[in-house]
Amino acid sequence: MQTARLGDAWWKSAVVYQIYPKSFADSDGDGVGDLNGIRAHLPYLQDLGVDVLWLSPVYPSPQDDNGYDISDYRGIDPVFGTLADFDALLAEVHERHMRLIMDLVVNHTSDEHPWFVESRDPASPKRDWYWWRPARPGMRAGEPGAEPNNWGSWFGGSAWQLDPRSGEYYLHLFSRKQVDLNWENPEVREAVYDVMRWWLDRGVDGFRMDVINMIAKDPALPDGAVHPSNSRDGMPHFADGERVHRYLQELHREVMAPRTEHVMTVGETPGVNVEQARLFTDPARAEIDMVFQFEHMDVDHGESRFDVRPLWLPDLKASLARWQTGLDATGWNTLYWSNHDQARAVSRFGDDGRYRRESATALATVLHLHRGTPFVYQGEELGATNAPFASVGDFRDIESLNYYAGEVAAGGSPEELLDRLRARGRDNARTPMHWDDSPNAGFTTGTPWLAVNPNYREINAAAELVDPGSVLHYYRRLIALRKQEAAIVHGRFELLLPDDETVYAFERRLGATALLVLANFSSEPAHADAWADAELLIGNYGDPPPDPAALRPWEAVVYRRA
Ligand code: ISL
């Protein structure tokens with residue numbers, strides 16, 4: 001009985017839309033997006049057909065990492081509005097038959113959160129809420145190499161910061177202002193569950209859980225394998241261990257269990273593999289509903305995400321196919337090309353020049369036809385591209401700025417580093433949303449916090465709404481199709497042509513229905529055989545391929561046989 005019910009979980013047929021509030025719509029002219037701006041654009045999102053809105057963090061925050069450093073879990077940062085604005089937004093989301101999930105960032109708090117402020121006092125009852133440690137035995141605090149272990153921060157340097165007040169170090173896997181909570185302490189876990197219940201009682205429909213696979217550290221905090229200081233070194237000791245599953249099961253029991261039919265949870269889990277993902281998402285284990293894995297985001301770079309490599313299509317296909325098969329019988333996949341941490345998909349995987357429209361829609365077709373819950377990141381539905389950052393001064397993101405400063409100090413070429421940031425910097429995705437061709441793309445009447453991409457005059461929602469051949473209209477059709485065709489949601493996946501370097505091909509089967517997906521991932525024509533006697537369910541050229549044995553540049557088609 002229970003399996004049947006979970007098999008039909010509502011979020012399996014849902015499409016999620018991610019809003020980066022800072023850059024979505026500014027209603028008060030201060031140059032920063034806000035809740036009332038989002039509310040004004042709900043009709044646009046409803047017409048797009050998405051079911052769930054995920055808001056990146058809107059809580060009070062010093063904004064060291066754009067809100068992923070929270071100083072109060074029960075409020076709204078004044079730059080985004082008030083709790084009353086939030087309630088009004090949530091009510092209207094529900095009236096429009098959509099749901100809203102919050103970003104839950106509980107691996108760490110801001111160093112300005114009252115819990116941490118209190119914890120800095122060694123005598124405080126909250127001392128143990130964070131990871132405080134003395135210098136390495138035999139070393140003096142502050143000496144080079146005296147950090148308690150060799151773990152690196154994601155944003156450069158050691159993951160340990162010395163606090164002069166007590167002469168001890170605290171752990172921060174991200175910036176110095178993002179301090180890791182100690183989930184070993186039951187009071188910490190209870191405090192987090194309380195926050196979650198508070199938002200659920202307010203009516204939110206679930207959570208996207210930031211770096212949730214990193215909440216449980218090995219309390220011995222052992223050194224990682226020796227590399228030059230690198231965030232991944234310590235990973236075996238702080239990600240995906242046995243404890244994280246114990247805590248997520250507890251969280252599920254304490255918070256989610258009474259409401260599991262109505263809410264959804266998606267955990268962000270960098271570095272997770274298929275086997276671990278199955279543990280996180282197996283409904284019988286009652287942890288979380290789905291995870292964001294990163295394997296397909298790692299196929300086009302070297303050791304560092306800024307070490308840009310060309311995409312070799314068979315690698316991408318093999319990776320996604322492994323996840324399709326791996327979570328086929330147990331668990332559930334998320335599907336995404338983009339989010340606020342990644343470069344724009346059409347610039348990264350497609351052709352953002354001549355074939356921008358075709359490649360944006362081909363990417364969408366391939367992604368949405370896989371099995372899993374698709375996530376659309378704001379602007380992706382317009383075919384938004386990377387931005388032409390002129391100099392390092394145009395970037396705002398702490399990750400890009402720290403990386404650049406560190407590499408320049410180590411003798412790297414500033415021009416080459418700038419190219420890397422242009423290709424992969426997170427600010428590409430964070431430039432303001434393009435609503436129309438008025439100044440600043442209709443995003444703000446003030447000065448935007450991050451410059452608007454100048455191509456907004458051609459690429460914007462207003463222009464795409466009146467163009468039936470636009471990327472936006474194609475997304476609408478694709479999203480609508482999911483509601484009509486059960487094979488898209490539930491069909492079994494089978495990869496075809498795994499070695500083909502330009503054509504992405506796969507089948508989906510459910511009962512008597514079979515779907516064939518073909519997409520040309522190149523700007524030249526490619527050979528691919530269509531199905532005879534099949535219905536063309538959707539295609540991104542508006543007409544069927546003139547030659548049934550060929551695809552036009554970046555052409556994508558879905559055939560259906562029943
Ligand atoms: O952006 C990345 C590439 O360097 C990722 O490694 C990212 O840091 C990682 O996926 C964790 O991301 C999440 O937590 C971070 C925050 O900066 C990201 O915006 C968030 O999505 C710390 O809270």
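Histidine 340 has a polar side-chain atom 2.9 Å from an oxygen atom of the ligand. That is a polar contact, meaning a pair of N or O atoms within 3.5 Å. Histidine 108 has a side-chain N or O atom 3.0 Å from a ligand oxygen, and for glutamate 399 the distance is 2.2 Å. The protein covers 97% of the 490 Å² of accessible area that the ligand has on its own, by the Shrake-Rupley method with a 1.4 Å probe.

Some background. This is a predicted model, where local features need pLDDT of at least 70 and side-chain atom pairs count only at pLDDT 80 or more, while totals for chains, interfaces and linings use all residues. Residues are numbered from 1 along each chain as its sequence is written, and side-chain values use heavy atoms, leaving out hydrogens and water.

Now the salt bridges: a side-chain nitrogen of Lys or Arg within 4 Å of a carboxyl oxygen of Asp or Glu. The count comes to 42. One of them joins glutamate 250 and arginine 189, N to O at 2.7 Å. Glutamate 250 is in helix H8 and arginine 189 in helix H6, 61 residues apart; helices here are DSSP runs of H or I, at least four residues, numbered from the N terminus. Both residues are buried, that is, under 20% relative accessible area, with exposed over 50% and partly exposed in between (1.4 Å probe, protein chains only).

Arginine 246 and glutamate 242 form another salt bridge, at 3.2 Å, both within helix H8 and four residues apart. Glutamate 242 counts as exposed because its relative accessible area is 54%, whereas arginine 246, at 43%, is partly exposed.

Key
A polar contact is a pair of N or O atoms within 3.5 Å; within protein, one must be able to donate a hydrogen and the other to accept it, and residues adjacent in sequence count only if both atoms are side-chain atoms. Helices (H or I, at least four residues) and strands (E, at least two) are DSSP runs, numbered from the N terminus.
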